[in-house]
Amino acid sequence: MVIFPESFTAAVRRGAREPFVVQTVRATVAATLSFAVATQLSSEPAPLTAPLTALLVVQVTVYSTLKTSIRRVNSVVVGVLIAIGFSAVVGLSWWSLGLIILASLTIGRFVRVEEFVQEVAISAMLILGVTKLASQAWDRVLETLIGAAVGLLFNLLFAPPVWVDTAGASIEDLARRARHLLLDISEELGRPTPVAVVAERLHEARRLDQAIAQVDAALRQAEDSLRFNPRISEGLLSRLVLRTGLDTLEICVVVIRVLARSLTDLAKRRDPGEHLFEPDVAVALEELLAHIGGAMVSFAVLVTTQVSRNAEEAEQRLAAELAAAWTCRENLAQLLLRLVQERPEDWQLHGALLAEVDRILDEMDLEHRGRRLMEELDRASVANRARFSRYAGLRRWLRGERPRAAAGAGR
């Protein structure tokens with residue numbers, strides 16, 4: 001019996017949860033099944049279009065699988081129809097091949113196949129070059145439908161994982177990086193700090209701002225994994241909680257960058273060897289930034305926590321950090337007022353510093369958070385009603401109901 005090291009087994013378990021590993025296994029199984037089904041149903045000796053479609057269709061989430069299936073089938077059908085239309089007029093030559101490629105790429109832009117525009121031209125070229133046009137054309141459509149159906153059913157029967165934990169970890173990591181940056185800034189407030197060092201904190205804030213794109217990508221994957229997933233009963237609420245939470249942290253990160261900009265401008269006004277702030281002001285501002293950093297981490301934990309008990313604990317920690325931050329903010333305001341009286345030329349930067357702190361604290365306020373979440377829920381409900389109302393006339397027609405206007409005119 002082979003005994004694997006503990007580190008190896010841990011790596012395997014960790015890898016099994018990675019999107020790449022999950023996607024590889026799922027795509028392989030779905031493609032193999034689609035080829036087996038197509039072999040029984042298609043007259044082609046090697047119906048490779050079916051597994052190719054399954055490879056493209058089986059995405060990480062049910063939602064993206066359904067979306068890709070529709071686009072893929074649409075692109076193949078459009079390409080086949082174009083090839084049939086051209087074959088009735090011209091044969092295969094260099095100029096007809098160029099013409100069909102041009103027509104396929106142009107038409108593909110208008111039939112909403114998105115990334116499968118090239119597939120329209122590929123299908124048209126493959127069908128135009130065969131001898132038994134009708135048989136080959138519809139066999140290709142059949143294989144595409146088989147691959148798409150197998151891929152979609154595979155995701156419905158074996159629901160893909162929900163990537164909420166991955167997105168939550170990204171959001172919490174963003175908050176902890178912001179807290180670490182605030183602590184680094186606070187350490188340099190009460191001592192002589194060169195402008196280059198303060199400017200480096202500004203560059204770190206900009207890099208943190210750029211990291212939001214990566215977190216947003218992880219969140220979009222999590223949002224897709226919640227759509228149409230049979231495991232999830234409250235997918236809309238979970239999506240909105242995560243999305244609004246990231247939006248709030250994004251605003252806070254942007255404000256931290258502005259705060260670092262204000263401190264850099266303040267450092268440029270100081271003489272070499274001069275402190276950024278007086279010792280009592282530096283201590284007060286350092287304490288305030290520490291509470292703000294702690295509040296950001298607590299806020300991230302709150303929006304990413306699924307268990308109600310843990311959420312209550314995170315909410316209590318957030319409320320405590322915000323209360324302490326507001327107390328420190330009031331103390332800092334009094335100290336900065338005294339400094340402004342002594343050095344009036346700094347009043348703009350000191351006022352901007354307080355305004356930036358207020359903006360961060362207001363964004364993480366629990367009441368503000370609750371109102372924002374309710375507004376997003378209302379907006380999503382209105383959008384869903386509007387989406388379903390588009391098909392109200394079709395549903396009435398299928399039930400055999402008369403249009404309201406016509407019924408009123410008859411009376």
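I take a residue as buried when its relative accessible area is under 20%. The model I am reading is predicted.

**Entry: Arg 201**

I looked up Arg 201 and found it in helix 9, which covers residues 195-210. Its relative accessibility is 17%, so I count Arg 201 as buried. Next I listed what Arg 201 touches, leaving out residues up to four places away in sequence. The list holds Leu 181, Asp 184, Ile 185, Glu 188 and Ala 260.

**Entry: cysteines**

I checked Cys 252 against the cut-off of under 20%. Its relative accessible area is 0%, so Cys 252 is buried. Cys 328 has a relative accessibility of 9% and therefore counts as buried. I then looked for disulfides, taking a pair of cysteine sulfur atoms within 2.5 Å as the rule. The count came to zero.

**Entry: helix 12 and helix 14**

I turned to helix 12, residues 279-304, and helix 14, residues 347-363. Their axes come within 11 Å and cross at roughly 25°. Angles under 35 degrees count as roughly parallel, and helix 12 and helix 14 are therefore roughly parallel to each other. I noted the crossing of these two helices as left-handed.

I also wrote down which residues make the contact. From helix 12 they are Leu 285, Leu 288 and Ile 292. Helix 14 brings Leu 353, Val 357, Ile 360 and Leu 361. I sorted the residues of this contact by type: seven are nonpolar, with no polar and no charged residues.

Key:
Residues are numbered from 1 along each chain as its sequence is written. This is a predicted model: local features need pLDDT of at least 70, side-chain atom pairs count only at pLDDT 80 or more; totals for chains, interfaces and linings use all residues. Side-chain values use heavy atoms; hydrogens and water are left out. Axes are lines fitted to C-alpha atoms, for helices over the stretch in contact, and angles run from 0 to 180 degrees between N-to-C directions. Helices (H or I, at least four residues) and strands (E, at least two) are DSSP runs, numbered from the N terminus. Angles under 35 degrees count as roughly parallel, over 145 as roughly antiparallel, 65 to 115 as roughly perpendicular and the rest as oblique. A crossing is left-handed if the near helix is turned anticlockwise from the far one by less than a right angle, and right-handed if clockwise. Contact means heavy atoms within 4.5 Å. Ala, Val, Leu, Ile, Met, Phe, Trp, Tyr, Cys and Pro count as nonpolar, Asp, Glu, Lys and Arg as charged, and the others, Gly among them, as polar. Buried means under 20% relative accessible area, exposed over 50%, partly exposed in between (1.4 Å probe, protein chains only).
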